[in-house]
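Please examine the sequence and the structure shown below before reading on. The paragraphs that follow lead from one residue to its surroundings.

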Amino acid sequence: MTAPLRRAEEVFLVRHGQTAWSVSGQHTGVTDLPLTPEGRAAAKRLAPRLAGTDFALVLASPLERARSTCELAGLGGRMQVDPDLAEWNYGAYEGLTPEEIHRTAPEWMIFSDGCPGGERPDQVGARVDRVIGRVQAAGGPVALFAHGHVFRVFVARWIGLPPTHGRHFLLDTSTLSVLAYYRGDPAVRCWNAPIGDGRSTP
């Protein structure tokens, strides 16, 4: 008799460390920026927390800031790059701050409107759903290294909400979030926990 497939008991979402544009508030989608020294230091502080988990799968966005965070956190040797974890393509809004965008589009909201010349919410949702499929088939704990907006869509889809509901989940750089199950239903164990700054980390 075949043993039943084990689901991912926990999914660790690590938003990459600080970059120059995360400090300035500019939308950073396809622009491939490195981590700042502060971002690199925060990623290193995560290594002891992740070292105690035997991950069945480690996925990272192809962008340098996510890959570097994974490597500095000690999981670079097990990292698989997944293009579906890339940040939202902001199109014409790449490099702009929310204030600059709202000067010409005062009612704009990325989770409902998407970006001109970039991605719609449903397109990002479709990418996230493919990653969730990989996560659910992993058979053990999973670590994902990626970005703010794509992870906000991820948590919404994880608990069965449409991509537009990503607006309800704020997410800072250099944070660890943990998704799990409650009596078989997808659930959120911890969200937006800062890495190694003296406050509680799951």
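Is Ala 43 buried or exposed? The model considered here is a predicted one. In this model Ala 43 has a relative accessible area of 3%. A residue counts as buried when this value is under 20%, so Ala 43 is buried.

The surroundings of Ala 43 can now be described. This residue lies in helix α2, which covers residues 37–51. Leaving aside residues up to four places away in sequence, Ala 43 touches Thr 69, Leu 72 and Ala 73.

Helix α2 has 15 residues, and from its first C-alpha to its last it reaches 22 Å, which is close to the 21 Å expected at 1.5 Å a residue. Its buried residues are Gly 39, Ala 42, Ala 43, Leu 46 and Leu 50. The buried residues of α2 pack against strand β1 (11–15), helix α3 (64–72), strand β4 and strand β5 (175–182).

Six strands form an open sheet in the order β3-β2-β4-β1-β5-β6, and their pairing is mixed. The edges are held by β3 (79–81) and β6 (185–194); each has a single partner strand, so one side of each is left without a neighbour in the sheet. From one strand to the next, the twist averages 20°. In general, the strands of a sheet pair through backbone hydrogen bonds, either parallel or antiparallel. Strand β2 (residues 57–60) and strand β4 (residues 142–146) run parallel and are joined by four bridges. In one of these pairings, Leu 57 has Val 142 of β4 as its bridge partner.

The structure holds seven aromatic pairs. One of them is formed by Phe 12 and Phe 55: the ring centres are 5.3 Å apart and the planes stand at 85°, so the pair is edge-to-face. It links distant parts of the chain, since Phe 12 is in strand β1 and Phe 55 is in the loop between α2 and β2, 43 residues apart. Both Phe 12 and Phe 55 are buried. Trp 158 and Tyr 181 form a tilted pair, with 5.4 Å from centre to centre and 55° between the planes. This pair, too, links distant parts of the chain, with Trp 158 in helix α7 (residues 148–158) and Tyr 181 in strand β5, 23 residues apart. Both Trp 158 and Tyr 181 are buried. These two residues belong to one aromatic cluster together with Phe 151 and Phe 154.

The cysteines complete the account. A search of the whole structure finds zero disulfides.

How values were computed. Residues are numbered from 1 along each chain as its sequence is written. This is a predicted model: local features need pLDDT of at least 70, side-chain atom pairs count only at pLDDT 80 or more; totals for chains, interfaces and linings use all residues. Side-chain values use heavy atoms; hydrogens and water are left out. Helices (H or I, at least four residues) and strands (E, at least two) are DSSP runs, numbered from the N terminus. Buried means under 20% relative accessible area, exposed over 50%, partly exposed in between (1.4 Å probe, protein chains only). Contact means heavy atoms within 4.5 Å. Two strands pair if DSSP finds at least two bridges between them. Axes are lines fitted to C-alpha atoms, for helices over the stretch in contact, and angles run from 0 to 180 degrees between N-to-C directions. The expected span of a helix is 1.5 Å times one less than its number of residues. Rings of Phe, Tyr and Trp (its six-membered ring) pair if their centres lie within 6.5 Å; planes under 30 degrees apart count as stacked, over 60 as edge-to-face and the rest as tilted. A disulfide is a pair of cysteine sulfur atoms within 2.5 Å.
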